[in-house]
Amino acid sequence: MVESHLIFAQLNLSPKMSSQPWSPIVGFYGMLCVWAAWLSGSAAVLSPNGTIFEDNCKKTTTCEALKYNSCLGSPLPYTHTSLILAEDSSTQEEAFEKLTMWSGLRNAPRCWSVIQPLLCAVYMPKCENGRVELPSQSLCLATRRPCSIVDQERGWPNFLTCDKFPVGCPNEVQKLKFNMSGQCEAPLVKTDIQSSWYKDVEGCGIQCDNPLFTEEEHNDMHAYIAYFGTITLLCTFFTLATFLADWKNSNRYPAVILFYINACFFVGSIGWLAQFLDGARKEIVCKSDNTMRLGEPSSSETLSCVTIFIIVYYSLMSGVIWFVMLTYAWHTSFKALGTTQQPLSGRTSYFHMVTWSIPFVLTVAILAIAEVDGDSVSGICFVGYKNYRYRAGFVLAPIGVVLVVGGYFLIRGVMTLFSIKSNHPGLLSEKAASKINETMLRLGIFGFLAFGFVFITFGCHFYDFFNQAEWERSFREYVLCEANVTIASQTNKPIPECTIKNRPSLMVEKINLFSMFGTGIAMSTWVWTKATILIWKRTWCKIIGRSDNEPKRIKKSKMIAKAFAMRKELHKDPEKELSFSMHTVSHDGPVGECFSQAIK
């Protein structure tokens, strides 16, 4: 525009320059006048840095006297304002009420610290000589990220969109000192750790104690975990001790698999009960800023949460995979009954490779994507408390595979035993038939319990997966409602009643824990036999140095050596009768499953 005026001036001067003899001098001085006028106009248009037009930073309007001498608690250094920028207000009283409504963002500290200057620059701007100051575009853009909750929940009003404001304009409001100390309404707490911030609420994180449950419900669940966790710990410990007390007889497949299953649940129980050490629960599930641990591991926190997660998750996955190996081993062993083949020979190393490596890979993957979350109700850290999709992939999917594969082999094993008993009655001695009946009964009861518990665990995790999105939506609505309480209290309006409409069922969580601990207890029942009583009797006699008066197992090599030693006596006196029994006594293992030796 300045260039067009300059060209226009040059065109008007050209005739005069050609018609007068002293036109070059006039033309020269005329050009100087034009340039001087242009420069003087530029001085009024340009800011001190020479880059911004003052006309763009102000807007012509009617000024009116301020009825309020402060904005959001900060004194205003001017006396007149205009409502032309605040399109949702027609009077200063209405503008003041709108400012009070916006003060609900005080509950988002990071947003509150940057949005106050913008709000005052729009609702109570400086106005003098019929011109009102416009807020800078940078002042507006500074609010977009910290105040993203506005855009997510309601959207910015049209008059607060940043492209409406000029670039780089100074504003009187920017010189004001505002109270930057925002607050966080419960269940949020103030924190400066960015990883702890709740979605779109910068400066606030979720409190450590799960806000979906009351303190009384927390205590109830903790007592529940302590009770069943202790029972599982004691039962599995007794099973492990029984196996170790007679390891020579117990270290036989498939029975020894029960030892490894019980070892997994024993270690897992320790992980669950670790929270009851002094101060341990807070250390496990809470961050240093007293917010909930989410997205672990992190560089700023201790490894207590990650350690408990590894103990609980790895032992759980190993235990359920060992269950599949147990059902497969039973099925294979039952098929080989009555034959001389060793169906599990050479396969046991693969059992260990699969059952220890798969949980290891899953655990490392979870730690790599940092999806370990703490929960104050359960008192542990686990995968998928926040992002339920990861729970589906790392918990639901493996347990679902266990249900299908383990259930298949369990049913086939029972059917094999039933087929042997029904179709080959002459093959079995009375003792073998009795053992098979006993084993079928125990397998049926055990299979029903173990399969039922695993199925219940799957169902409870599926319940969490299916409802997680609704629970998060209800919690977010509760957080926003608490912000409205602040606004209502400041505007003397009715205070809304804030409640969490949808939340997890504490009963379902208890059923989930019962099924998990119940699986460990069910695995330990296999040593609740008469053979176990004899094992501990022999162990006690060995401890006190007393003979148990029971025949011992003799190795075949020693028996053959003894037979050759008696051969001399037979040569000396062929008619002498020698008594030598080739029968050796083998103690039953703690599981008591030796019926295969009784088959003809």
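These legends go with close-up views of a predicted model. Residues count from 1 along each chain as its sequence is written. Local features need pLDDT of at least 70 and side-chain atom pairs pLDDT 80 or more, while totals for chains, interfaces and linings take in all residues, and side-chain values use heavy atoms, with hydrogens and water left out.

**View 1. The largest cavity holds about 100 Å³ of space.** The structure has three cavities of 30 Å³ or more. A cavity here is a set of points, on a 1 Å grid over the protein atoms alone, where a 1.4 Å probe fits but cannot get out. Grid points are joined across faces, edges and corners, and the volume is the space filled by probe spheres set on the points.

**View 2. Helices around the largest cavity.** Three helices, α10 (255–273), α12 (304–335) and α16 (506–524), each bring at least two residues to its lining; lining residues have an atom within 4 Å of a point. Helices are DSSP runs of H or I, at least four residues, and strands are runs of E, at least two, numbered from the N terminus. With five residues, α10 gives the largest share.

**View 3. Side chains lining the largest cavity.** Among the lining residues are Phe-265, Trp-272, Leu-316 and Met-516. The tally is seven nonpolar, four polar and no charged (Ala, Val, Leu, Ile, Met, Phe, Trp, Tyr, Cys and Pro are nonpolar, Asp, Glu, Lys and Arg charged, and the others, Gly among them, polar).

**View 4. An open sheet of three strands runs β1-β7-β6, paired antiparallel.** β1 (58–60) and β6 (127–128) sit at the edges with a single partner strand each, so one side of each lacks a neighbour in the sheet. Strands pair if DSSP finds at least two bridges between them. β6 and β7 (residues 131–133) are joined over two bridges, and Cys-127 has Val-132 in β7 as its bridge partner.

Methods:
On a 1 Å grid over the protein atoms alone, a cavity is a set of points where a 1.4 Å probe fits but cannot get out, and a pocket is an open set with protein on both sides within 12 Å along at least five of seven lines; lining residues have an atom within 4 Å of a point.
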